[in-house]
Amino acid sequence: MIRKFISRVLGRKNTGKRNEPALIALDQHGLQREQISRGCRQTVEDLQENGYQAYIVGGAVRDLLAGLTPKDFDVATNATPEQVRRCFRRSRIIGRRFQIVHVSMGAETIEVTTFRGHHGEPGTNGGNRAQTDAQGRLLRDNVFGSQSEDAARRDFTVNALYYDPSSETILDYHHGVADLQQKTLRVIGDPKTRYREDPVRMLRAVRLAAKIGLAIDPAARRPIREMADLLENVPPSRLFDEMLKLLTSGHALRCITRLREEGLHNGVLPLLDVILEQPRGERFVMLALEATDRRVAEGKPISPGFLFATLLWHQVLATWEPLKDSGEPPIPSLFVAMDEVLRVQAGKLAITRRIAGDIKDIWALQPRFEQRSGKRPYGILQQPRFKAGYDFLLLRAQSGEVDQAISNWWTAFLHASDEARAAMLLPAAPSTAKKRRRRRRRAGEDTGQNPNATE
Ligand code: ATP
Ligand code: MG
């Protein structure tokens, strides 16, 4: 009794176990049902009419409370996937290991997830031991459970809020509303255990803190540096998905800066330090991230290929330049450098084949922009990835890596009339064969030989 009183007075004891949620009413949280998409409200209503519990949960509730527009709406329910499917004609079960249901409402797709149960404690939940690898990383997380169990297995307190649109009440198991008001990102349960179960949570902490403008609670922040290596154990495809979320969050610059501060980038972009330590490399990456954030703010689409191409470009340069200096032909050696950089990166981040194709197209265009005579510039304009390659060239010029005159020329060429374009073309450079012939001739003159004698 006394302990209960003290823990209430002191605020919280963050054990990750909390069976009774605080019920937070509209006048305390201010989230109105109209802020929830129509399709999502309908989904919750239909489930409730069928006698199930249903709530809007996770990122959407958090973002709305923080004054941001949610990316999508997720629903959590005590109905099993099969029961959910029976409630909605336009719905289908997705996933094998952990099933969720996609419910279609007009143009919207609502993700409906059944409450998940305990894992961390062996012997609980009918002896259903959590399956982990040698480092403690959870391999499966697919046991159904109660709502309080579902709340406890979520990562941060601000992500464990359940909103009921019919009563406009928030069920708050872990003081998430207070944490959001105090601008704190707090892990549910013991941060070290939760990071060991899933090291991606460390990246999520940095991303969400940057996105919502929260400070990571010291207890959650402290272990990150020493546990960063655990990211090496995470499947590269998951890291890639998380990096993509981070880079397209609209706060890429802040996220990358914070990843570095927390020592986390080594697990995902190990060469980021090397890139950022080169003055031109740092400027280039910063400009690229700023441009990306601006595009997100303007609601424009982001190309993952372009983003990864910028992050890895200075590695390509670092590999390409020594090859060229050793006398290798420039274009074939660029392709060698590109393949090498992507090969090394593939061990960390599983960049999908399609995105790797986009990245290479953008890189391969770069030396071609130097060709400004004859028919070649017209051919370059026709390349499917021209626009991305050109934007990339602009960034290179802005960062001081290439001559501004080249990017200015392309900007003018792009917008010029046919006649003006023809007038802009530079005089043709001598072809390689001609150059070789001239060099040989000159060598003949130097040695006093008749150059024609060798031909
Ligand atoms: P956003 O959609 O803005 O990226 P989000 O928090 O909604 O952020 P999702 O990946 O959509 O992220 O996850 C939805 C919810 O699932 C989260 O709010 C959280 O409650 C839970 N969740 C997601 N990833 C994890 C994780 N690695 N560990 C525990 N819970 C998680
Ligand atoms: Mg989400």
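This is a friendly tutorial dialogue on reading a predicted protein model.

User: Where do I start? How many helices and strands does the protein have?

Analyst: Welcome! Keep in mind that the model is predicted. The protein has 24 helices and 10 strands. Of its 455 residues, 46% are buried. Among contacts with a separation of 6 or more, 67% are between residues 24 or more positions apart.

User: Which residues does UniProt list under "active site"?

Analyst: The UniProt record, an unreviewed entry, puts the feature "active site" at D72, D74 and D155. Let's look at two of these. D72 lies in the loop between α4 (59–65) and β3 (74–77), while D74 belongs to strand β3.

User: Can we try a residue in another strand? Where is T113, and is T113 buried or exposed?

Analyst: T113 sits in strand β6 (residues 108–114). Its relative accessible area is 12%, and the cut-off for buried is under 20%, so T113 counts as buried. Not counting residues up to four places away in sequence, T113 touches V75, A76, T77, F98 and I100.

User: What about a loop residue? Is V158 buried or exposed?

Analyst: V158 is in the loop between α7 (147–152) and β7 (161–164). Its relative accessibility is 0%, so V158 counts as buried. Beyond its neighbours within four places in sequence, V158 contacts R62, G176, D179, L180, T184 and L185.

User: Now the helices, please. What describes two packed helices?

Analyst: Let's begin with helix α18 (residues 330–346) and helix α19 (residues 353–368). Their axes come within 11 Å and cross at roughly 150 degrees. An angle over 145 degrees counts as roughly antiparallel, so α18 is roughly antiparallel to α19. The crossing of α18 and α19 is right-handed.

User: Which residues of α18 and α19 meet?

Analyst: From α18 come I331, L334, F335, M338, D339, V341 and L342, and they meet A356, I359, K360, W363, A364 and P367 of α19. Sorted by class, the contact of α18 with α19 has 11 nonpolar, no polar and two charged residues.

User: How are α12 and α17 placed relative to each other?

Analyst: The axes of helix α12 (residues 236–247) and helix α17 (residues 304–325) come within 11 Å and cross at roughly 95 degrees. That angle makes α12 roughly perpendicular to α17. The contact is made by F240, M243, L244 and L247 of α12 with P304, L307, F308 and L311 of α17. By class, the contact of α12 with α17 has eight nonpolar, no polar and no charged residues.

User: One last pair: how do I read α16 and α21?

Analyst: Helix α16 (residues 279–297) and helix α21 (residues 386–398) have axes that come within 9 Å and cross at roughly 135 degrees. α16 and α21 are therefore oblique to each other, and their crossing is right-handed. On the α16 side, the contact involves R283, F284, L287 and A288; on the α21 side, F392, L395, R396 and Q398. The residues of the contact of α16 with α21 divide into five nonpolar, one polar and two charged.

Note on methods: Residues numbered from 1 in each chain as written. Chains lettered and ligands numbered in written order. Predicted model: local features only at pLDDT ≥ 70, side-chain atom pairs only at ≥ 80, totals over all residues. Heavy atoms only, no water. UniProt positions renumbered as here; feature names shortened; annotations may be inferred. Helix = DSSP H or I, 4+ residues; strand = E, 2+ residues; numbered from the N terminus. Axes fitted to C-alpha atoms, helices over the stretch in contact; angles between N-to-C directions. Parallel < 35°, antiparallel > 145°, perpendicular 65-115°, else oblique. Left-handed = near helix turned anticlockwise from the far one by under 90°. Contact = heavy atoms within 4.5 Å. Nonpolar A, V, L, I, M, F, W, Y, C, P; charged D, E, K, R; others polar. Buried < 20%, exposed > 50% of the residue type's maximum accessible area, 1.4 Å probe, protein only.
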